[in-house]
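Open the model in your viewer and keep the selection tool at hand. Each stop below says what to select and what is there.

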Amino acid sequence: NDNTSNFSSTTYAKTSIVIESDFITGANVLLNNTAGSVFGNLSEKQKLWVIAHELGHAAGLGHSKSAA
């Protein structure tokens, strides 16, 4: 997505999910890879971590309460 109004410069990515009858029926993961963004300045390994994290959200996982 090249619509930069979706992100602030400090946003790595956004995930939205569609839930119908208690089931996830769709998901969108938007990555902020615009020039000068924090995501755009990550290493390849760090970008893969962010993508895996967002795919977890797309699958319905939330954030852990654990600091580990």
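Select Ile19. It counts as exposed because its relative accessibility is 53%; exposed means over 50%, buried under 20% and partly exposed in between, with a 1.4 Å probe and protein chains only. Ile19 sits in strand E1. Helices (H or I, at least four residues) and strands (E, at least two) are DSSP runs, numbered from the N terminus.

This is a predicted model: local features need pLDDT of at least 70, side-chain atom pairs count only at pLDDT 80 or more, and totals for chains, interfaces and linings use all residues. Residues are numbered from 1 along each chain as its sequence is written, and side-chain values use heavy atoms, with hydrogens and water left out.

Now zoom out. From the N terminus the order is β-β-α. Of the 68 residues, 18% are buried.

Next, select helix H1, residues 44-58. How far apart are its end C-alpha atoms? They are 21 Å apart, which agrees with the 21 Å that its 15 residues should span at 1.5 Å a residue; the expected span is 1.5 Å times one less than the number of residues. Color Val50, Glu54, Gly56, His57 and Ala58: these H1 residues are buried. An α-helix has 3.6 residues a turn, so residues three or four places apart point the same way. The buried residues of H1 pack against strand E1 (13-20) and strand E2 (23-31). Step just past H1 to Gly60, where phi is positive, about 105 degrees.

Move to the loop between E2 and H1 and pick Ser37. Is Ser37 buried or exposed? It counts as buried because its relative accessibility is 1%. Its side chain reaches the backbone nitrogen of Gly40 at 2.9 Å. Leaving aside residues up to four places away in sequence, Ser37 touches Ser9 and Asn32. Contact here means heavy atoms within 4.5 Å.

Stay in that loop and select Asn33. At 49% relative accessibility, Asn33 counts as partly exposed. Which residues does Asn33 touch, not counting those up to four places away in sequence? They are Phe39, Gly40 and Lys47. Draw a C-alpha to C-alpha distance from Asn33 to Lys47: it is 9.7 Å, and the two are 14 residues apart in sequence.

Finish with the whole chain's contacts. Among those with a separation of 6 or more, 42% join residues 24 or more positions apart.

Methods. Polar contact = N/O pair within 3.5 Å; in protein donor to acceptor, adjacent residues only side chain to side chain.
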